[in-house]
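Hello,

Here is the structure I promised to pass on to you. Please open it alongside this email and have a look around.

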Amino acid sequence: MTGISVTVLGSGTSSGVPTIGCTCAVCHSPDPRDNRLRPSILVRFQDRNIVIDTTPDFRAQVLRAGVERLDAVVYTHAHADHILGLDDVRPFNFRQGRIPMYASATTFETIRRIFDYAFDDHPHTSHVPKLDVNFIGDEAFDVAGLRFEPIPVLHGKATVLGFRFGNVAYLTDHSEIPASSMEKLQGLDVLFLDALRHKPHPTHSTVAASIATAQLLKPARTYFTHICHDLPHAETEASLPEGIFLAWDGLEIHA
């Protein structure tokens, strides 16, 4: 499949880079690629706009990317850095009405608890997000004309979702990719992998581990995301094998 473009809305970890109060070299770097909002991508396909995760930086991200219409929101999981910008879909509702939302039942349970006002049946005197909920199961599903295949991965002890669409796969939070999911990641043009830092972490992949995954799967291009302030962009990318790169906010990829 061709005609898919992916814009990296955020390539950072949950605290973002710069990290509040930090005086490290990366947090004070003049390289704009070291400024990392929370992790999210925009998928464009046949003039449709699909966002994966609504981070706390969602408003700034879609303004910077010039997004004027939102055709769907897809969620990987319900951690704060992936859902807390949901309220900012409201300006899209003003212009275009209700928006389809896709999430697992577990993810939606948390989203509904936090944003209960958006999903209750009560009349509201002010505007609330208007979303039509679609539950993600084990099977592939259609999002605005694009087929999404859920890719279960382990985020510590929790199972969360990555997604494959066409020859692109996006896995933002993982410490382990089960063999059954590795089978679904063959023949890719573009692969996004979690690569938090060099030092091991209980719920995220390391640079070395994600290099090993990329070398097993052999996509044409691999981009690391969910990056913390331990990794300076230029220095880290220069050390990566051929075909493997660090994602950066604003990067646009065509597949």
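Below are my notes on the strands, the cysteines and the pockets.

Please keep in mind that this is a predicted model.

On one side, E3 runs antiparallel to strand E2 (residues 40–45), and five bridges join the two. Within that pairing, Arg44 sits opposite Asn49 of E3. E2 and E3 form a hairpin with two residues between them, and Gln46 in the turn has a positive phi of about 50 degrees.

E3 also has a parallel partner: three bridges link E3 to strand E4 (residues 72–74). There, Val51 stands opposite Val73 in E4. If you follow the chain from E3 through helix H1 (residues 58–65) to E4, you trace a right-handed β-α-β unit.

Next, the cysteines. How many disulfides does a search of the whole structure find? The search gives zero. For Cys24, the closest cysteine sulfur is that of Cys22, at 3.5 Å, which is too far for a bond because a disulfide needs the two sulfurs within 2.5 Å. Cys27 is in no disulfide either, with its nearest cysteine sulfur, in Cys24, 3.6 Å away. Is each of these two buried or partly exposed? Cys24 has 25% relative accessibility, so it counts as partly exposed, while Cys27, at 7%, counts as buried.

Finally, the pockets. The largest pocket holds about 200 Å³ of space. Its lining includes Thr76, His77, His79, Ser104 and Leu161. Helix H4 (105–114) and strand E9 (158–165) each supply at least two lining residues, and E9 gives the most, with four. By class, the lining of this pocket has eight polar, four nonpolar and no charged residues.

The second largest pocket has about 150 Å³ of space. Arg59, Val62, Leu63, Val67, Asp88, Pro91, Phe92 and Arg95 line this pocket. H1, the helix of the β-α-β unit, and helix H3 (90–96) are the elements that give two or more residues to this lining. By class, the lining of the second largest pocket has five nonpolar, three charged and no polar residues.

Happy to talk any of this through with you.

Best wishes

Technical notes
Residues numbered from 1 in each chain as written. Predicted model: local features only at pLDDT ≥ 70, side-chain atom pairs only at ≥ 80, totals over all residues. Heavy atoms only, no water. Pairing = 2+ DSSP bridges. Right-handed = clockwise from strand over helix to strand, strands pointing away. Buried < 20%, exposed > 50% of the residue type's maximum accessible area, 1.4 Å probe, protein only. 1 Å grid on protein atoms, 1.4 Å probe; cavity = no way out; pocket = protein on both sides within 12 Å on 5 of 7 lines; lining within 4 Å. Points joined across faces, edges and corners; volume = space filled by probe spheres on them. Nonpolar A, V, L, I, M, F, W, Y, C, P; charged D, E, K, R; others polar.
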